[in-house]
Amino acid sequence: MKKINQLVLVMSLVIISTSASAQKTAYGFTMMPCTTPSMISFSTDDPSTVTRLGTYSKAEPRSGAIVGSTLYMMGIDDDFNMWFYSITPDGEGETIKKLGDVTCPGDMAYDYTTNTMYFIANSEDVDGVSAIGTVNLENGKTTFTSNLAYYCKAIAIDARGQMYALTNSGILLRINKSNGESSQVGVTGINFASWWNFQSMEFDHETGTLYLAAWGNDEKTTLYTLDTTTGKATRVGVIGDGTHVVALGIPFEPASGSAPERVSDLTLTADESGALRATLSWINPVNDYSGAPLEGEFNIEIVNTTTSEKIPLEHCVPGETVSYTFDVSEAGLYSFTVTAVNESGASLEQPVEGWIGHDVPAAVTSARATLNRSQLLVNDLSWEAPTTGAHGGYLDKSTLKYDVVRLNDDRLIAEDITATNFSDIKLIDELTRYSYQIVAKNADGIGEPAKSNDLVNGPAEECPYVAPFNSWEESGQYWTVLDANEDGYPFVWYKDFMNMFGQGENKGFYIYQKNEVFYALDFIISPPIEFQEGHEYKITANVSNDDIAGYREEKFLFYTFSGYDMNGAVPLGNEPFVVKHPGEFRDYSLTFKVEDDGYGNDDEKFPSFIALCCCSHYDMGMLLVNSISIEDITPETVLEGDVNHDGEVNIADVNALLDIVLAGSSENDRADVNHDGEVNIADVNSLIDIVLSK
């Protein structure tokens, strides 16, 4: 015990000494609006003087992070291809891989506890928020892992593996790397240049100081420190002449010399029956940080960072698998670190956390809202029960219940039900875009909510029907997107598509997002529309294509649907329309007849759906849909003898026809009741016969 305490004291003195001398050399890369992007270095206590270390012309930098002393970068070339490359402090660049047309990370951060490079970028499936992912340092491949609840500009990860992110509005967040859940630390008060996504944060891992290089509304990059307990920003100074700087990095080597490497395979296993007990297990290091084998015994220190309790273990040997079981006083989320310590120093802390004891339910999965197939104006809901606790802890499944909330009017439509399905039979009496929230709960409390997909339902629209996609509220919200080939590249709604085509500000479009591998099979499906058997209809779409290169073409078909999935989907026409006029919107029309289905009357009215399907070759551009309209073009039925067009044949027609004859008119063919090619008194007599026969 005494020996471990002495070692911990020595380690603390080293850290305090390092912290007192906070000045470090930081690195970064300049990007637009400078003309020659280059790697720079500067002092963290006085960033006004920068040293340019070299240029890299393969791609213009956008984001990056330092690992040890090597800066890993993402950049874009003149053809908008993404490149992944590394830069050393002498400015030498090594191209790792051309990634092509992929989502560009806004910032990157390296986790020394798991040896993983993370990034932040615009979410690919949720509008207006960011997502986190990982980057393979061998080939640059990016993998999205989870969405955040915010639109963020920058991320950083401290020496214990805790991720932080900074929102577009300047709020500092703590992020759970495993699922993207976040909690607010505080407001920094920093204003960003709103049209630039690229900012950069980095920790000085030795002192725990969080730095931010912020490109602000003054169009200068300023260095700040951020308090990780309050979010408060402290201005250090403008970096150099204020040129935009990304990929902020401060070199860090976790340990050196003959201090032990950190422990490996650290796990926290809670009691599987829900008792307030858990076991930590790990493998002791076998080498020191120089790579040489560890010799002799060393000590392990376990720290419960949730309660600040320290547990020393003496006489540990290299490579040994160690387990330690302990009890806690109440259920909750607990965090631990395990550190190996010898006379030369301490290893890097290895962190782990987990829930111990009973837990509230995790969110239900596969929450789905669908149209009821046998009854109009009913939405069917279904979901799968949670299998784990919300925090990964023990779940008491025997007491699971659910509440269902209709989010449109914030109405609780089901409470304390045990089934995993429910039908909403009391819909709003107008066309509405519905969504629902299912909340799981048990005897231990209320769990996480889960949101269903959106579903459009309500009284059918009548023809003529017009959907001008210039606003979400007017018509955009009533169309349903279906990613039929499940490639993750569906139609999306865009408002004011960068005014690219001079169509006016705040104009909306439904736009198909291209895929470079799969042919498109993607739909936008109308709300329910009333059709009549035996009638003929004309559907018209006003579309364009986005293609700066000028040689790509888009293709689309019209379909009929019986709902919002492929069951009962039938194409209208055999050949797709070809669109190849970038920036110019043109009408494409098709006529079709609704046949009698053999049931009931031969002129019955019924609700159905029309869809537009993008079926373009892969690696095309984008298909822009400006509006869709449907009209009934069935020829009007003419009743012989109905001279005055009132839908009936009666004495009024005799009088009207007599007026025509006496006026000497022969222009109205419809008045030629006896079909002799003339309108005369014989027609009056014929019409009298028709009227009398009725």
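S123 counts as buried, at 13% relative accessibility. That value, like the others here, comes from a predicted model. The protein has three helices and 51 strands. Of its 694 residues, 49% count as buried. Among contacts with a separation of 6 or more, 60% join residues 24 or more positions apart.

**S123, a loop residue**

- S123 sits in the loop between β9 (116-122) and β10 (130-135).
- The cut-off for buried is under 20% relative accessible area, so S123, at 13%, falls on the buried side.
- The S123 side chain reaches the backbone nitrogen of V126, at 3.1 Å.
- Beyond its neighbours within four places in sequence, S123 is in contact with V129, S130, A131 and N147.

- D424 belongs to strand β35, which covers residues 421-424.
- D424 is buried, and its relative accessible area is 2%.
- Its side chain makes a polar contact with the side chain of R406, at 3.0 Å.
- The D424 side chain also reaches the backbone nitrogen of K426, at 3.4 Å.
- Residues up to four places away in sequence aside, D424 touches L377, V378, N379, R406, I413 and Y436.

**V405, in strand β33**

- V405 is placed in strand β33, residues 401-406.
- With 13% relative accessibility, V405 counts as buried.
- Not counting residues up to four places away in sequence, V405 touches D410, R411, L412, S435, Y436 and Q437.
- V405 and K451 are 46 residues apart in sequence, and their C-alpha atoms are 9.5 Å apart in space.

**Helix α3: length, cap and faces**

- Helix α3 spans residues 681-693 and has 13 residues.
- From its first C-alpha to its last, α3 reaches 19 Å, close to the 18 Å expected at 1.5 Å a residue.
- N680 caps the N-terminal end of α3, with a side-chain oxygen 3.1 Å from the backbone nitrogen of A682.
- The buried residues of α3 are D683, V684, L687 and V691.
- Viewed down the axis of α3, these buried residues fall within an arc of 100°, so they line one face of the helix.
- The face turned away from that buried side carries the exposed residues D689, L692 and S693.

**Packing of α2 and α3**

- The buried residues of α3 pack against α2 (651-662).
- Two packed helices are described by the angle between their axes and the distance between the axes.
- For α2 and α3, the angle is about 180° and the axes are 9 Å apart.
- Angles over 145 degrees count as roughly antiparallel, so α2 is roughly antiparallel to α3.
- On the α2 side, the contact is made by I651, D653, V654, L657, L658 and V661.
- On the α3 side, the contact is made by I681, D683, V684, L687, I688 and V691.
- D683, V684, L687 and V691 of α3 are buried, and these four residues take part in the contact with α2.

Conventions. Residues are numbered from 1 along each chain as its sequence is written. This is a predicted model: local features need pLDDT of at least 70, side-chain atom pairs count only at pLDDT 80 or more; totals for chains, interfaces and linings use all residues. Side-chain values use heavy atoms; hydrogens and water are left out. Helices (H or I, at least four residues) and strands (E, at least two) are DSSP runs, numbered from the N terminus. The expected span of a helix is 1.5 Å times one less than its number of residues. Buried means under 20% relative accessible area, exposed over 50%, partly exposed in between (1.4 Å probe, protein chains only). The arc is that of the directions from the helix axis to the C-beta atoms. Contact means heavy atoms within 4.5 Å. A polar contact is a pair of N or O atoms within 3.5 Å; within protein, one must be able to donate a hydrogen and the other to accept it, and residues adjacent in sequence count only if both atoms are side-chain atoms. Axes are lines fitted to C-alpha atoms, for helices over the stretch in contact, and angles run from 0 to 180 degrees between N-to-C directions. Angles under 35 degrees count as roughly parallel, over 145 as roughly antiparallel, 65 to 115 as roughly perpendicular and the rest as oblique.
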